[in-house]
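Good morning, and thank you for the time.

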Amino acid sequence: EGAVNVPLYRFVQGTELWDNVKKVVMGVFLAMKATERDPDYISTINASLKKNQKVILMCAIGGSLEVGTKLRPDKYPDGNQDPDRNFGRESRALKAAFEFINAGWSGKNICFVEGGLQQWRYQDFPMDGEDYE
């Protein structure tokens with residue numbers, strides 16, 4: 001209750017050559033629909049939310065601002081340095097947070113779920129509004 005879904009990405013809308021190439025490549029090689037950033041994202045969030053209200057952003061992986069990884073805490077108690085994560089782990093939730101901040105929202109009112117929906121499910125948090133104990 002009270003949740004609003006405003007996707008940062010949408011299915012490819014255009015019919016230009018490059019749009020059709022994206023659709024074919026994604027459909028044939030990855031068996032999924034091609035997506036693109038929604039150019040109306042900012043206007044959609046402004047129409048759906050009150051400016052600077054507190055928001056929680058979530059995507060499948062959640063992303064991270066931490067550098068390095070903690071994949072094997074038993075083997076690497078201080079974490080494992082991963083050169084591919086010198087700036088954290090990119091995700092759609094973090095990209096959405098960037099869009100919110102660029103639209104003038106206060107960073108104090110923007111949260112994201114590190115680990116995303118997958119981690120939320122793994123932690124066995126509620127998925128359908130049930131009370132959490």
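Predicted model: local features only at pLDDT ≥ 70, side-chain atom pairs only at ≥ 80, totals over all residues.

Residues are numbered from 1 along each chain as its sequence is written, and side-chain values use heavy atoms, with hydrogens and water left out.

Let me begin with the core. The largest nonpolar core contains 15 residues; by nonpolar core I mean buried Ala, Val, Leu, Ile, Met, Phe, Trp, Tyr and Cys residues joined through side-chain atoms within 4.5 Å. Buried is under 20% relative accessible area, exposed is over 50%, and partly exposed lies in between, with a 1.4 Å probe and protein chains only. Among the residues with the most contacts inside this core are Tyr41, Phe100 and Trp105. Two or more residues come from each of α2 (41–48), β3 (55–57) and α3 (92–102), and α3 gives the most, with four. Helices (H or I, at least four residues) and strands (E, at least two) are DSSP runs, numbered from the N terminus.

Tyr41, Phe100 and Trp105 also form one aromatic cluster. Rings of Phe, Tyr and Trp (its six-membered ring) pair if their centres lie within 6.5 Å; planes under 30 degrees apart are stacked, over 60 edge-to-face, and the rest tilted. Tyr41 and Phe100 pair edge-to-face, at 6.2 Å centre to centre and 75 degrees between the planes. This pair joins helix α2 to helix α3 across 59 residues.

I turn to the salt bridges. How many does a search of the whole structure find? There are four, each requiring a side-chain nitrogen of Lys or Arg within 4 Å of a carboxyl oxygen of Asp or Glu. Arg37 meets Glu99 at 3.2 Å, linking strand β2 with helix α3, 62 residues apart. Glu99 is buried at 19% relative accessible area, whereas Arg37 is partly exposed at 36%. Asp38 and Arg10 form another, at 3.9 Å, N to O. Arg10 lies in strand β1 and Asp38 in the loop between β2 and α2, so this bridge ties together parts 28 residues apart in sequence. Arg10, Glu36 and Asp38 are linked in a network.

Finally, the surface. A nonpolar patch there includes Leu17, Trp18 and Phe29, and Leu17 is exposed at 69%.

Methods:
Patch = residues over 30% accessible without salt bridge, like charges linked within 9 Å, V, L, I, M, F, W, Y side chains within 5 Å. Areas by Shrake-Rupley, 256 points an atom, 1.4 Å probe, with all protein chains shown as cover.
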